[in-house]
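Please consult the sequence and the coordinates as you read.

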Amino acid sequence: MEHSLKRKCPENGDNLVLNSFSLDDLNEDLLERVLSWLPTSSFFRLTSVCKRWKSAAASVSFKLACSHIPSRDPWFLMVSPSLNQSIVFDAAENSWKKLNHLRLPLEDSNINCMPVAASGGLVCYRKLSGNFVVCNPVTGSCSELPPLHFPSENQPLNAVVMSTTFRDQISYKIVLVFGELPNLMFKVYDSSSCCWEEETALRREVDDNSIGCDSIDDDHVVYFLSKAGTVVASSMQRSPSKQYSSVIITHKDGQEMVYFLSSSGTVVACNLTSRCFFEYPRLLPVFSEYSIDIVECGGEMLVVLLSEFLESTSLRVWKYDDPNRCWQQIAAMPAAMSQEWYGKKADINCVGSGNQIFICLNSPELCTYILCDLATNNWTELPKCCMNGEVMEFMSAFSFEPRIEACV
């Protein structure tokens, strides 16, 4: 019995068969399926292995095989102050990469286009003119959307979100939420119809499910006295690259929701299905000074908040508890890490992917990038990004899946 439980050694003949097996023995269909499971960063390297692999990488059936891969580890497209860099952080390889394939339309340089949303394998850029360009950062394929005409030039843009669906080919939607509270509207671009739909008004939800909070007029700034006796204006730090900080989530009940931050720091939830909106309660009093951002992780909207209290600094992640109608803390940066930011007037810009939150912390004195794993509550400071011997600094990041098959 003891002998039968041991692994048998292959016969010499079997060894010869295994040693002589090669990927070249696979037919084209199987070879493409095997290659499709390689990390996306390997795509441009496999084209130089041999002529057969180069031919397979260029085939339509290979891209179809890639589309059947359920998910890929995210890349984080970094936004620098000058907007002239195309650098990503590869979460799978824990390394920085420079993209040489991002080519926006000739009349637009990277400086004139700012990333504003991302989903699947695509990133949406906004031009200075206000029009949008959708791009695959890996392959460089781009498409400019039809011109957008708001009903009024004075309508502020609050949110820009993007969602994608994969079937035989990718399709995507871009949703814009604009207007002054409480007069909000949304407008949708659908790639399947290649046009913008008519704007739709959102009504404020006023039934028992609405969240009546201590809302204030967003056009006003609150001033208060600090402990030192100086007059301080309450403010919410916000990087220009994340001025449309927002997320879109399709819940299990089919409700499609867009969440964004108002100018006063409250979270506004827009239900596109029932065409209504409401505001969540504040996490901090209106006279507090803090930096806040919202992310989507695991199909939920989360809030990341950096604040100071009693000569200490904390960075925490919060989730709204609907049954109890209150915010619940789900993660916190270790005090030894967060205390470094005390008094630095730091701005946080965050993006979620799966169970991870990528956080850019910026101040005039420090610039750090943190990866938070919500499943383990593990906070990891990422290595500095060095290009041509120079340390790069970034304001924010956008998360996307590196997919070569995503075309526009």
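This is a predicted model: local features need pLDDT of at least 70, side-chain atom pairs count only at pLDDT 80 or more; totals for chains, interfaces and linings use all residues.

**Strands and their pairing**

Q: Is Ser86 buried or exposed?
A: Residues count as buried under 20% relative accessible area. Ser86 has a relative accessible area of 7%, so Ser86 is buried.

Q: How far apart in space are Ser86 and Lys98, C-alpha to C-alpha?
A: In sequence, 12 residues separate Ser86 and Lys98. In space, their C-alpha to C-alpha distance is 5.9 Å.

Q: Which strands stand at the edges of the open sheet that 4 strands form?
A: The order in this open sheet is E3-E2-E1-E30, with antiparallel pairing. An edge strand has a single partner strand, so one side of it is left without a neighbour in the sheet. The edge strands are E3 (95-98) and E30 (396-400).

Q: Which residue in E2 is the bridge partner of Phe76?
A: E1 and E2 pair in the antiparallel sense, over 3 bridges. The bridge partner of Phe76 in E2 is Phe89.

Q: Which residue in the turn of the hairpin of E9 and E10 has a positive phi?
A: Strand E9 (residues 170-178) pairs with strand E10 (residues 184-190) in the antiparallel sense over 6 bridges, and Val175 has Val188 in E10 as its bridge partner. Of the 9 residues of E9, 7 are buried. The hairpin has 5 residues between the two strands, and the turn residue with a positive phi, about 115 degrees, is Gly179.

Terms used. Residues are numbered from 1 along each chain as its sequence is written. Side-chain values use heavy atoms; hydrogens and water are left out. Buried means under 20% relative accessible area, exposed over 50%, partly exposed in between (1.4 Å probe, protein chains only). Two strands pair if DSSP finds at least two bridges between them.
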